[in-house]
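Subject: Structure handover, aromatic contacts

Hello,

Here is the structure I said I would pass on. My notes on its aromatic rings follow below.

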Amino acid sequence: MISFESDYIAGAHPKILQRLAETNRECLPGYGSDEYCECARQKILTACRCPDGDVFFLVGGTQTNAVVITAMLREYEGVIAAHTGHVSVHEAGAIECTGHKVLEIPQKDGKIVPAALTRYLHDFYGDENHEHMVFPGMVYLSHPTEYGTLYTKKELEEISAVCAAYHIPLYLDGARLGYGLVSRASDMTIADIARLCDVFYIGGTKVGALCGEAVVFPRHNMPAHFLTTAKRHGALLAKGRLLGIQFDTLFTDDLYWDISRHAISMAEGLKEIFRKKGCRFYLESPTNQQFIILENERMRELEAEVRFGFWEKYDADHTTVRFATSWSTTEEDLEKLERLL
């Protein structure tokens, strides 16, 4: 059985496991106050070209979204997201559990369109009853999106400008940020993300780490008592070293980018195989996630030998499925898939 089910199905990159083992017996301060967390912070801020920023480590993506959003919103505010956004669909109401509503707006290929965002905000404040409504207090994006699509620098600049005009923060979910930034279709750098967003996170769980996400506040704009907010939500890891050591390793000798480039290379190989076999693509994804439309019978046959992710029903006879690559994907995996197809 070979697996393309997701990019967090395998464990951690061997270099991370090696570093965790090497430091295992060291007695270090807790809650992210150890030397490895501090070293990782400095490496991340250097990469982002925001030396005055703050970095806070959390364990997983849903946890990170819930903590960041609740820390930055007032109690009467909600967060704007595409109706296909991760916080809208695949987080089991985690944001709503914090007391904040997800304010869904239309999307195109998984992305918020700047004009649609402007129209939503204009209409909200143009409504004479808006004092009785949930206020838009933040804009949430994911890059790559749920469909593996990417914002261009121009699109992100336009969305950032809209947020600035309405004095609301722009938050970018970077669970798969590495794959987006090294994609051949990308025209952005991590420094561009830091310049245009008020807060974002660098995903580790899906990009080679055992677990962990690095939240970046690029302009020393971390909300007051953010650690306390994280602890109130059960999100403060006592052995914070586990996150610091992993991100210190990921941001040493370009490992984070090497992992990302490998996964993109494997995904490009996947695309060629699917094209040769006459498979239909749901949309064109330039990242490590590929969405294929399969006949239901063919899908069931393939499931006997290959793990992949259900995405959504396409019609009565077809299903859209997702194949994802990661640090652990090999040429042998691709060859076996090609033979099976």
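The count of aromatic pairs comes to 21. Rings of Phe, Tyr and Trp (its six-membered ring) pair if their centres lie within 6.5 Å; planes under 30 degrees apart count as stacked, over 60 as edge-to-face and the rest as tilted.

This is a predicted model, in which local features need pLDDT of at least 70 and side-chain atom pairs count only at pLDDT 80 or more, while totals for chains, interfaces and linings use all residues. Residues are numbered from 1 along each chain as its sequence is written, and side-chain values use heavy atoms, with hydrogens and water left out.

One of the pairs is Tyr-76 with Phe-135, edge-to-face at 5.7 Å centre to centre, with 80° between the planes. Tyr-76 lies in the loop between helix H3 (61–72) and strand E3 (77–82), and Phe-135 in strand E5 (residues 135–142), so the pair ties together parts that are 59 residues apart in sequence. Helices (H or I, at least four residues) and strands (E, at least two) are DSSP runs, numbered from the N terminus.

Tyr-76 is partly exposed, at 41% relative accessible area, and Phe-135 is buried, at 14%. Buried means under 20%, exposed over 50%, partly exposed in between (1.4 Å probe, protein chains only).

Phe-217 and Phe-226 also pair edge-to-face, at 5.3 Å centre to centre and 75° between the planes. Phe-217 is buried at 0% relative accessible area, and Phe-226 is buried at 2%.

Ring pairs also join Phe-4, Phe-274, Phe-281, Phe-308 and Phe-323 into a cluster.

Regards
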